[in-house]
Amino acid sequence: MIRNDIYNRNILISGASIAGPALAWWLNQYGFNVTIVEKAPELRKGGYRIDLRGVATDVAQRMGILNQVRELNTAMRGSSMINAEGKRYADLNDPNIFGMRQDTDVEIMRGELSGILYTKTKDQTEYIFDNSITALTQTDNGVTVTFKHGEQRDFDLVVAADGLRSNVRGLAFDQEKTSIDHLGYFISVFSVPNDHNLDHWELNYPAVDKIINIYSTGKNREAKVMLMFAAPAVDYDHRDIARQKQMVINHFKHEGPVVSTILEAIHDTPDFYFDAISQVKTENLSNGRVVLLGDAGYCPSPASGQGSSLAMVGAYVLAGELAAAFGNHQIAFANYESQMRWFVKANQRLGVTVLKDMVPKSKKQLWLQTAMLRVMLKLPGKEKLLRSFLKEMQRTVDEAANAIELKNYDHYKLQTINSDLF
């Protein structure tokens, strides 16, 4: 079905992870024509654990995918604190406490959510894999896009949903008005053999200015490891995987047998990920006919745990505002930015707070945290005690996850549009 009451109907989205396909789904509901270009040769099925919290679960419900997301949740049963030798000294049977999740929130692997969104959009959306945008030329009537392989196409609008180091943002926005702010840490996530026989369980090993987390979503599956460490910003080639692995090794090589085993596996892991923990700050979320979505416009950093939630909510708001403005991008982009502003600020603040309060900064602080956990998790009613201890942080997380009131755009969906408009 084609709507004739909207203009700027043909939209190109760069990025096929979470934000891009989520936006495509909503735009399809409102009668827009959507193309997604993705530099990877195929849908990226790997990745790490992500959370949908607060209003993001409302968006998933409105999309009709929340039950499917819940069915594919990580189903973690609990976690243990371990020392450098791998000895468990405290167990917790409620994984949502350390994860700061409420009963309505859900944890899922990034690749699983990406797969759901792709399946829901592939029949109505043109996907172009193994390609990328190399140039953009804006006119009063549209955007001429040049792709990596040399071809050119015209679109009405372009959406940058291509992540923290967005290629499209670099092409279309004044770099003096955008920044990637380093928060003082780096993060690496990759697969390792499940040597600890983890079954929907995670291990946490705290260290000074470091976090080591190991988990597996099934007994017969590989484990995932997340290593985070404090370090000043440093220039490095983001394509130089060997250098990145060596940076991780250099920061963790003295942390004991458990970490040594992890570092041995880093060389052969099939899905190594490494980046600075950073936040994207922009003066504006749009420039002419190009608009930023998700991490490309307002990455809150992995420390916040809110990147995917911001992407889902941002997609809902951007598509809804385009529908409400009947494709008028100037009105839609301004309203989108206005609605997202406080939500973005709250979640970026959360990312900074988590790093400040949850990562031990000295041997004394590490000892105090560890000793307190050892005692607390051996007492009756330990879950209640721990929730009380983390009450203030939980409140901060909840406020950030719900720091926006979603508007209702159902009136603009195709099935509710008066037939006289066609």
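Let's start with a pocket. The lining of the second largest pocket splits into five nonpolar, eight polar and six charged residues. Keep in mind that this is a predicted model.

How much space lies in the second largest pocket? About 330 Å³. Its lining has 19 residues, and the closest to the pocket centre are Met 109, Glu 112, Thr 217, Arg 221 and Lys 224. Which elements give two or more residues to that lining? They are helix α5 (110–121) and strands β14 (210–216) and β15 (223–230).

Next, a pair of helices. Helix α12 covers residues 363–376, and helix α13 covers residues 382–389. Their axes come within 10 Å and cross at roughly 145°. From α12, the contact uses Met 372, Leu 373 and Met 376. From α13, it uses Lys 382, Leu 385, Leu 386 and Phe 389. By type, that contact holds six nonpolar residues, no polar ones and one charged.

You will find Ser 278 in strand β16, residues 273–282. Is Ser 278 buried or exposed? Buried, because its relative accessibility is 2%, and the cut-off for buried is under 20%. Leaving out residues up to four places away in sequence, Ser 278 touches Leu 164, Ile 180, Asp 181, His 182, Leu 183, Cys 299, Pro 300 and Ser 301.

Last, confidence. The chain has a mean pLDDT of 92, and 97% of its residues reach 70 or more. Residues 417–422 fall below 50. Beyond near neighbours in sequence, that stretch has eleven contacts in the model. Where pLDDT is low, predicted coordinates should not be read in detail.

Definitions and conventions: Residues are numbered from 1 along each chain as its sequence is written. This is a predicted model: local features need pLDDT of at least 70, side-chain atom pairs count only at pLDDT 80 or more; totals for chains, interfaces and linings use all residues. Side-chain values use heavy atoms; hydrogens and water are left out. On a 1 Å grid over the protein atoms alone, a cavity is a set of points where a 1.4 Å probe fits but cannot get out, and a pocket is an open set with protein on both sides within 12 Å along at least five of seven lines; lining residues have an atom within 4 Å of a point. Grid points are joined across faces, edges and corners, and a volume is the space filled by probe spheres set on the points. Helices (H or I, at least four residues) and strands (E, at least two) are DSSP runs, numbered from the N terminus. Ala, Val, Leu, Ile, Met, Phe, Trp, Tyr, Cys and Pro count as nonpolar, Asp, Glu, Lys and Arg as charged, and the others, Gly among them, as polar. Axes are lines fitted to C-alpha atoms, for helices over the stretch in contact, and angles run from 0 to 180 degrees between N-to-C directions. Contact means heavy atoms within 4.5 Å. pLDDT is the predictor's confidence in each residue, from 0 to 100. Buried means under 20% relative accessible area, exposed over 50%, partly exposed in between (1.4 Å probe, protein chains only).
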